[in-house]
Amino acid sequence: MTEAGPATGSRPVREARPGRGAVQEAGPVAGAQLVQGAGRPRRPLGAALARPTVLILTGLWVAGPLLPLAVQAFTDQWFYPDLWPARWSLVGWEQALGPQSRLAEAVATSISIGAAVAALATVLGAAAGRALAWHRLPGRRLIELVLLAPVLVPPFAVAMGAQIVYLRAGLADSLAGVVLAQLPAATAYATLLMSGVWAGVDPALERQARTLGAGAWRAFREVSLPQLRGGLVVAAMFAFLISWSDYLLTLLIGGGVVTTVPLLLFATAAGSGNQAATAAIALVAVAPPLLLTALAARQLAGRDTALLGVGR
Amino acid sequence: MTTDITIADLDHTYPGATTPTLRRVSLEVPAGTRTAVLGPSGSGKSTLLSIVAGLSAPTGGDVRVAGHSVLRQPPHRRDLGVVFQRPLLFPHLTVAENVAFGLRMRGTDRAAIRRRVAELLDAVALPGYGERRSSELSGGQQQRIALARALAVRPGVLLLDEPFSALDPQLRGDMRALLTELHRREGSTTLFVTHDRDEATDVADTVTVLLDGRVAQHAPPADLFRRPTTLAVARFLGGAGNAIPGTASPGHFDCPLGRLRLDTDHRGAGLLLIRPEAIVVGDQQGDNVVPATITAVTDRGTHLDIQATSGGVTLHLTTGPAAPLRPGDGTSLWLPPTHLSVVAP
């Protein structure tokens, strides 16, 4: 019998940093220094500032573009070169959420497509990930490369090709068509992620469950599934986000009939020139990714299984 | 609830492999007995167990449990418990939930499960450990829980695949005693796979030596050492140190040591085997006593390793640590007939 070894117990050991004591011992023992050393360890100013500086810069880089958006959504008068809007108002929101707006409908569409893509991609990814992680498949490297294709191939090329195929298949201009079109990329991500999670589950445990009277499906449900739970949640979140932020495939396959949040956002930005309403819709579009990323980060932090194939 | 196991002409070859893992392996394990399959790594013993468990399929032959072929039954429908080398406790369950797993799969009611789990935790000397996580237990404790889990459903057959090999030697002895005790209580027909001959002879009432996928010998432990049927078996059991060429005839073996009396079915040229521990040193008269000269004595603390020559043949033997023997001493050696065997050269 070939058994893959369990991936447990391989947490990295934190390196012991030289603490305060080491700093004191290193210097010549002088009375004045001892008194001074009783407080904080002396570090060069540059080193002390390096960390917060990097944190702040990274934060600005990521969140920076969102800040003007947050301001823009609450004003109808903000002109260059003013640093601050001349007047606050909720007109943008009224327009974005008002009876004329199709935002609620777009959010509902986005959520339905996202949920369908997340559910399907997660199930397919979990099954494919198991095969990749547990079985010696011929051409396994090739499969992994193909899975990375959605990341490597320019999306525009894929979308153009997909449009032709979906038109011929009669799947264009429909919700199902959009779900189907978004599925490959989402499944690829889910598969890569889940193969990492599966690699941390010992296949021998399911075999042991079989000998204890569990059928194949029950052994999976009772033994492996509980260990996959965190990974499944993260995979579903990723798949949902891929779907949520997709523009190109939805535009081409949906043919203007299927309007999701990104499509509405782009239409509003390009068509109306209403900056406040655009900003408000943009905030709505940004909220779920931020929320889900925060949740996913918590899931990831709580696990010691290898994710995304890292540590395999 | 005891069940006999019959393994008949079992063949197994891994896909793509040129040499078979198992070749016409036949084995009978009477109900309620303990049989050890003893063999070096690569002898096919784990494959054999995995076929009986239903986790691998043979390429030929049959496995019958209580008279019925089980080859078409998936593992979860076979009435068995399996303990592997690693404890394989389910990490997301408590100790009690692990022990209860098989019972829960069979739909046993809660009160009965609780009773049985408590009973087994007592039996493996871990009462009160039920609420712990498996990661909180030591290796030996985990393996005891694995044993309890396998026995919880009162399986007709208990299969063990090198269950104690990963434990330290002190613990291994305790585990063997525990297994013998559990067997007395639960009575499951036990098939046990190991590469450790002490483990095999300690736990089993019958030992099957598996070499290169074939059954080389099937005998009670004592016979295995006294009467190995082939040189390979003797070598594997560490008893080929004294292999003296000669000719066998009914009741006799003629060799450079002279004509020795023994009981053998072998005819013609053969090798006489006798374990170093079986040779008796001292002034004696009668059959199978040969004069010898001590050539080397090594004090091992617990015993003496001695080399002696007789008729140009070097014999290896051992004695108690206090035997007054020195190199150059002349002595006589008795080769007890019941400890002599003749195998093909």
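Helices (H or I, at least four residues) and strands (E, at least two) are DSSP runs, numbered from the N terminus. H9(A) bends by about 40° at Leu183(A), and Pro184(A) follows within four residues; the bend at a residue is the angle between axes fitted to the seven residues ending there and the seven starting there. Because 21 of its 25 residues are buried, H9(A) is largely enclosed by the rest of the structure, a residue being buried if 20 or more other C-beta atoms, placed from the backbone, lie within 10 Å of its own.

Residues are numbered from 1 along each chain as its sequence is written, while chains are lettered from A and ligands numbered from 1 in the order in which they are written. As the model is predicted, local features need pLDDT of at least 70 and side-chain atom pairs count only at pLDDT 80 or more, whereas totals for chains, interfaces and linings use all residues.

Chain B has eight helices and 20 strands, and its C-alpha atoms fill a box of roughly 75 × 45 × 35 Å along the principal axes. Of its 345 residues, 42% are buried. Among the contacts in chain B with a separation of 6 or more, 66% are made by residues 24 or more positions apart, with two residues in contact if their C-beta atoms, placed from the backbone, lie within 7 Å.

One open sheet of chain B has four strands in the order S2-S1-S4-S5, with antiparallel pairing; two strands pair if DSSP finds at least two bridges between them. Strand S2 (22-29) and strand S5 (68-69) of chain B stand at the edges with a single partner strand each, so one side of each is left without a neighbour in the sheet. Within this sheet, S1(B) (residues 5-12) and S4(B) (residues 60-65) are joined in the antiparallel sense by five bridges, and Ile7(B) stands opposite Val63(B). Helix H1(B) packs on the sheet, touching S1, S2 and S4 of chain B, and its direction makes about 120° with that of S1(B); axes are lines fitted to C-alpha atoms, for helices over the stretch in contact, and angles run from 0 to 180 degrees between N-to-C directions.

Further along chain B, strands S16 (residues 289-299) and S17 (residues 304-310) run antiparallel and are joined by six bridges. They form a hairpin with four residues between them, and Gly301(B) in the turn has a positive phi of about 90°. Seven bridges then join S17(B) to the antiparallel strand S18(B) (residues 313-319), in a hairpin with two residues between the strands, where Gly311(B) has a positive phi of about 60°.

Technical notes: A residue is buried if 20 or more other C-beta atoms lie within 10 Å of its own, exposed if 12 or fewer, and partly exposed in between; C-beta atoms are placed from the backbone.
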